[in-house]
Amino acid sequence: MGSRLVMSASAGHHLNVSAVFSPRGAARVCQLMLGCTIVSLVIHSAGYSATYGTFCMAVWTSCFAVSAVVLVLDVTRLYACLPVSWENLTVTCASLAALLTLTASILYPVFFVRADDCPYNNCEVRNFRIAVSVCSWAACVAYGTEVFLSRAKPGHGVSYMATAPGILKVAQIFVGCVIFVMLASGTDFTRHVATLYCAAVFGVCLSGAVLLVALAVSGRSGALRLPFERLAVIYTFAAVLLYVSAAVLWPVVCFDGKYGAPLRPQGCPRGKCSWDVKLAVAVMSFINLALYIADLVCSHRSQPVSQRPGV
């Protein structure tokens, strides 16, 4: 609290010009420009429909709104009044926005851009949708650039979420949420005890990652009796062990002839086939396992400068 008061007093009534005229500020300005362009193009002519289109539009509008709020708070220095760790919060938001816009950049052209739409149909709509896809990829790069510019540098104090373990935890949360969306879309995981165990593992690991990120963003990690870095390593090690069991057990149960179907059933409707969803959950579980292993390796090799004893 004392540092916030000192910062407010030294800043006076002047705006934080470096929030715009700096590499990270330029990345945020690009995010706003691209976000505004995407939303305008979609509303004007590109359009969207169904669940995937609504998801993409929600991603673009929410990321644009968050970027605008972050830039305004940074320029006006009002972030000093918030009871959070500003650096941790901004890196977390940028990392999550990069993953969301990446997903939207893949889904939108897959479902809304068709090569056979032109010249037989309206070419203007197709061209607008191509422009939306290009701008979405550019926005993803802008968010990724902000994350890269916020990364830890040797010899400099840095927040936890700006380190590789912190960024990886955001990715773990994102993949964990994707897994639960898939589980809720018709996998029948409640039929077997083994798949229920896997779902419980996914939930426990997701909750643990959310809790650690919330502690870092809120700035309350220093109130823990156990050092935050050590707590994060212990959690990651336990998550790796749990995910190994779940990632192996899920495909064995779901694709074994005794419990499920080893091959995709004939006539299973595309987009509504539970076998496809089970396969996607298996793939995503191995992806998240890789993220947890990378997190554990990075946590073992490095330690944020600001968290080292005596610094």
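A: Among the contacts of the chain with a separation of 6 or more, 77% are between residues 24 or more positions apart, a contact being defined as heavy atoms within 4.5 Å. The structure is a predicted model, in which local features need pLDDT of at least 70 and side-chain atom pairs count only at pLDDT 80 or more, while totals for chains, interfaces and linings use all residues. Residues are numbered from 1 along each chain as its sequence is written, and side-chain values use heavy atoms, with hydrogens and water left out.

The chain has 9 helices and 0 strands; helices (H or I, at least four residues) and strands (E, at least two) are DSSP runs, numbered from the N terminus. Of its 311 residues, 42% count as buried. Buried means under 20% relative accessible area, exposed over 50%, and partly exposed in between, with a 1.4 Å probe and protein chains only.

Side chains of opposite charge can pair when their charged atoms come close. A salt bridge is counted when a side-chain nitrogen of Lys or Arg lies within 4 Å of a carboxyl oxygen of Asp or Glu, and by this rule the chain has 4 salt bridges.

One of them joins R24 and E87, whose closest N and O atoms are 3.2 Å apart. R24 belongs to helix α2 (residues 23-46) and E87 to helix α4, so this pair links distant parts of the chain, 63 residues apart. R24 counts as partly exposed because its relative accessibility is 22%, and E87 counts as partly exposed because its value is 35%.

The side chains of D74 and R28 meet in another salt bridge, at 2.6 Å from N to O. A network of salt bridges links R28 and D74 with E146.

A further salt bridge is formed by K169 and D295, with the closest N and O atoms 2.7 Å apart. K169 lies in helix α6 (residues 164-183) and D295 in helix α9, so the pair ties together parts that are 126 residues apart in sequence. K169 is buried, because its relative accessible area is 0%, and D295 is likewise buried at 0%. Helix α9 covers residues 274-301. Not counting residues up to four places away in sequence, D295 touches P165, L168, K169, Q172 and T236.

Rings of Phe, Tyr and Trp (its six-membered ring) pair if their centres lie within 6.5 Å; planes under 30 degrees apart count as stacked, over 60 as edge-to-face and the rest as tilted. The chain has 9 aromatic pairs by this rule. F202 and W250 form a tilted pair, 6.5 Å centre to centre with 55° between the planes. Y235 and Y292 form an edge-to-face pair, at 6.2 Å and 70°. This pair links Y235 in helix α8 to Y292 in helix α9, 57 residues apart. Both Y235 and Y292 are buried.
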